[in-house]
Amino acid sequence: MIATLRDNSAYLKLDLYCRGLRLDESCYVEADGGRKILRTRAGLGSGLELVLPGGLWTNVPVAEPFAQSSPYTLHRSENGYHLRREGIDVAPVRLSPRPEWYEKKTSTGKSMTRVGTLQGTYLGIYPAKVCEYWTAKPEKVNCRFCSVGLNLGVDDADDKSVAEVMEVVRAARDESGITYVDFNTGHYAGDTYLDILQPYITRIKKELGLLVGVQTPPHRDLKRYDALREMGVNRVSFCFEIFDREIFKEICPGKHAEYGLDFYLAAIKYCASLARRGPRTEPWVTNGEIIGGLEPPESSIRAIDWITSVGAIPTVCVFRPLIGTDMASAPPPRTDDLVPVYRRLYEACMERGLPIGCAPNVHVSLVLLPEECRAFSPRRFPLQTVKLKALAQAVKWSVGRRIRKTADQEARGVAAPDGSATGIRTPV
C-alpha cells in the first residue's frame with residue numbers, strides 16, 4: 001500500500017478524498033502561506049488545499065467527522081510538509097499558495113474571498129442567491145448531499161455585483177495567473193440562471209479574454225446554449241449526479257421533480273453537438289457531472305460510457321459527507337471501489353478522442369481529472385496522446401495571446417463606467 005501511494009499520486013489523491021486527513025500540531029497552514037479552509041459553494045471546497053507529487057492539486061477533507069479517524073496525518077518539518085499514513089512517510093506535499101488578494105477587499109468593502117475563491121488554479125464564483133430547492137415549501141427539496149444552503153452568507157456572499165466580480169477576477173488574473181473562471185448557480189424559478197450569468201460572462205470575455213465556464217440546471221430552451229457558444233463561453237456543465245434513476249429520485253428530489261434525469265441527458269447531448277459550431281477561436285467542452293459513491297460503481301461506469309458516447313466529458317466527484325447535510329452521517333466511498341470508475345473515465349475519454357487536459361494552467365482540486373486517471377489504466381493511446389499534446393499547445397498559445405492582448409488594451413485604455421482601465425464600454 002505505501003509503495004502504491006508513493007508511486008501513484010492519482011491513487012493518493014483518490015484515497016485522500018475517501019479517507020480525509022488529520023493535521024498534526026506541528027502544522028501552521030495559514031502562517032506558512034497556505035489557504036484558509038472555506039466552506040463555499042456546494043461544499044466540496046471545505047477541505048485543505050494541497051499539491052501532491054506530480055503536480056496534482058487536491059482539496060482534502062479535514063473538518064468532517066470521518067476525517068478524524070483518517071490513517072493520514074499532515075506534518076511540518078524544517079524540510080516542509082509531508083504526509084504520513086499510519087505513521088509511515090508517504091509523500092512530500094506543498095500547501096496550495098494563498099495569494100495576496102485573499103486578504104484584500106473590493107471597493108465596496110467586501111472580502112474578495114466572499115466573492116470568489118481558487119479551486120486549485122481556477123477561480124470559482126457562485127454569483128447568485130441560494131438554490132431555491134432549499135427554500136421550497138412546504139418542505140425543502142435540496143439534493144441530500146449538498147450544503148450550499150448552509151454556506152452562502154457564511155464564507156460565501158449571497159449577493160455579488162458585476163463590478164465586485166470583475167474586481168476579483170482582475171486580481172486573480174494579475175496575482176494568481178488564472179486562465180479560467182467557473183460560474184455556478186442553483187435552481188431558480190423561471191429558468192433565470194443564464195440571465196443572471198450573462199452580464200458577468202460578457203464583461204469577462206470582452207475585457208479580460210479569459211476562459212469561462214457555467215454550471216447550472218439545464219435551461220428548458222436549449223437554444224440558449226447556442227447563444228452562450230456565440231458569446232464565447234468555453235464550458236457548460238450539468239450536474240445530474242446519479243445515473244441510477246431510483247437513486248436519483250431519492251437523493252435529488254428537486255432535480256427529479258423539476259427537470260428529470262432525461263432532460264439533463266438531453267441538454268448534455270445537445271450542448272456536446274455545439275462543439276462544431278460557434279467561434280472557432282473559442283474552445284468548447286460539455287461536462288456531465290456525477291458523484292462517485294452515491295450509486296454502485298457499475299452504474300457510474302454506465303454513466304461515463306453514456307456521457308462520452310455523445311461527445312461530452314464526464315466529471316466524477318467523490319461523495320463527501322458534509323457537516324450539516326442530510327447525508328452527513330453516511331460513510332464515504334471505499335477507494336478501491338472507485339478505482340474501476342476512474343480507470344474507465346480515462347479510457348472512455350481516450351477511446352472517443354475527447355479533448356481532455358488541454359486547458360492551460362487549469363489544475364482542479366475538487367476532482368480527479370480524466371488525464372490524471374491515466375495512472376489507473378494499463379492501456380496506452382499513443383496517437384491520441386500526441387494529438388492532445390498538440391491541441392494543448394495550440395489552446396495555450398491562443399488563450400495566452402488573447403489574455404495578453406486584452407491586458408495590453410486595458411493598460412492603454414480609457415476608464416470604463418465602473419472605473420476600470422479598459423477601452424471597452426459595457427453596462428455594469
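In the predicted model, the largest nonpolar core comprises 131 residues, of which L123, F145, V169, F183 and Y342 touch the most other members. The element that gives the most to this core is helix α11 (residues 335–351), with 9 residues. Such an arrangement may be read against a general background: in soluble globular proteins, nonpolar side chains tend to be buried together. For F145, the contacts beyond four places in sequence are made with E241, I251, C252, I291, L294, F319, L322, T325 and M327.

Helix α9 (residues 261–272) has 12 residues and reaches 17 Å from its first C-alpha to its last, close to the 16 Å expected at 1.5 Å a residue. Its buried residues are L261, Y264, L265, A267, I268, Y270, C271 and A272, and these pack against α6 (224–231), β11 (235–241), α7 (245–251), α8 (253–258), β12 (285–292) and α10 (297–309). In α10 itself, the end C-alpha atoms of the 13 residues are 18 Å apart, which agrees with the 18 Å that the helix should span at 1.5 Å a residue. The buried residues of α10 are S299, S300, A303, I304, I307 and T308, and what covers them includes β11, β12, β13 (313–318) and α11. An α-helix has 3.6 residues a turn, so residues three or four places apart point the same way. After α10 comes G311, whose phi is positive, near 95°.

Charged pairs were considered next, and the count of salt bridges comes to 32. In one of these, K110 is paired with E164, with the closest N and O atoms 3.2 Å apart. Because K110 lies in the loop between β6 (88–95) and β7 (117–119) whereas E164 belongs to helix α4 (residues 162–176), the pair ties together parts that are 54 residues apart in sequence. K110 is buried, with a relative accessible area of 18%, and E164, at 6% relative accessibility, likewise counts as buried, since the cut-off for burial is a value under 20%.

A further salt bridge joins D195 to R224, where the closest N and O atoms are 2.9 Å apart. This pair links distant parts of the chain, with D195 in helix α5 (residues 193–207) and R224 in helix α6, 29 residues apart. D195 is partly exposed, its relative accessible area being 41%.

The side chains of R220 and E258 also meet in a salt bridge, at 2.8 Å from N to O. R220 is placed in the loop between β10 (211–215) and α6, and E258 in helix α8, so this pair ties together parts that are 38 residues apart in sequence. R220 is partly exposed, with a relative accessible area of 40%, and E258 is also partly exposed, with a relative accessible area of 34%.

Finally, L391 is found in helix α12 (residues 382–412) and counts as partly exposed, at 36% relative accessibility. When neighbours within four places in sequence are left aside, L391 is in contact with P355 and C358. Between L391 and S70 the separation is 321 residues in sequence and 40 Å in space, C-alpha to C-alpha.

Notes
Residues numbered from 1 in each chain as written. Predicted model: local features only at pLDDT ≥ 70, side-chain atom pairs only at ≥ 80, totals over all residues. Heavy atoms only, no water. Helix = DSSP H or I, 4+ residues; strand = E, 2+ residues; numbered from the N terminus. Expected span 1.5 Å × (residues − 1). Buried < 20%, exposed > 50% of the residue type's maximum accessible area, 1.4 Å probe, protein only. Contact = heavy atoms within 4.5 Å. Salt bridge = Lys/Arg side-chain N within 4 Å of Asp/Glu carboxyl O. Core = buried A, V, L, I, M, F, W, Y, C linked by side-chain atoms within 4.5 Å.
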